[in-house]
Amino acid sequence: PRLATGDVTYELCTGGADVLVDSANLVEYIQAVVDATLGAGIGAQMQAFREGFNEVFTLSAVEVFHEDEMEVLLCGAGEHWSPQQLADGMKFDHGYTAQSVPVR
């Protein structure tokens, strides 16, 4: 299988463009999509982020902060988004709309 990401096609496995997803390989497909979107598929972007971040703040200097403290330092404190604010910022594609069952 392959994953369409904007104008780019990312094969989830060798020859994935020729593999049909069915009930026999659905779990494998879902695991591959998760890895492509949250794991190995974004490795280069994460490395670039780390290198850029390290140019501003050395990673060793920020190791003393807990996750919630880093969030406040990078994102600020106090702003909580309502479901409507989140919905207003969403761009739907791949056939999904605001009314699609997975979105609601």
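Buried means under 20% relative accessible area, exposed means over 50%, and partly exposed lies in between, with a 1.4 Å probe and protein chains only.

## Basis

This is a predicted model, in which local features need pLDDT of at least 70 and side-chain atom pairs count only at pLDDT 80 or more, while totals for chains, interfaces and linings use all residues. Residues are numbered from 1 along each chain as its sequence is written, and side-chain values use heavy atoms, with hydrogens and water left out.

## Serines and chain distances

Ser82 is partly exposed, at a relative accessible area of 30%. Ser82 sits in the loop between α4 and α5 (83–88). Helices here are DSSP runs (H or I, at least four residues), as are strands (E, at least two), numbered from the N terminus. Ser82 and Leu12 are 70 residues apart along the chain, and their C-alpha atoms are separated by 34 Å.

Ser60 belongs to helix α3 (residues 59–62). Ser60 counts as exposed, at 52% relative accessibility.

## Aromatic cluster

Rings of Phe, Tyr and Trp (its six-membered ring) pair if their centres lie within 6.5 Å; planes under 30 degrees apart are stacked, over 60 edge-to-face, and the rest tilted. By this rule there are two aromatic pairs. Phe53 and Phe57 have ring centres 5.4 Å apart and planes at 40 degrees, so this pair is tilted. Ring pairs join Phe49, Phe53 and Phe57 in a cluster.

Phe53 is buried, with 14% relative accessible area. Phe57 is partly exposed, at 40%.

## Surface patches

Patches take residues with over 30% relative accessible area and no salt bridge; like charges are joined within 9 Å, and nonpolar side chains (Val, Leu, Ile, Met, Phe, Trp, Tyr) within 5 Å. A salt bridge is a side-chain nitrogen of Lys or Arg within 4 Å of a carboxyl oxygen of Asp or Glu. Areas come from the Shrake-Rupley method with a 1.4 Å probe; for residues, only the protein chains shown count as cover.

Val56, Phe57, Val64, Phe65, Leu73 and Leu74 make a nonpolar patch of about 610 Å². Leu74 is placed in helix α4. Glu67, Asp68, Glu69 and Glu71 form a negative patch. Asp and Glu count as negative, Lys and Arg as positive; His and the chain ends are not counted. Each charge is placed at NZ of Lys, CZ of Arg, CG of Asp or CD of Glu. Asp68 lies in helix α4 (residues 67–75) and is exposed, at 52%.

## Backbone at His94

His94 falls in the segment after α5. Its phi is near 55 degrees, a positive value in a residue other than glycine.
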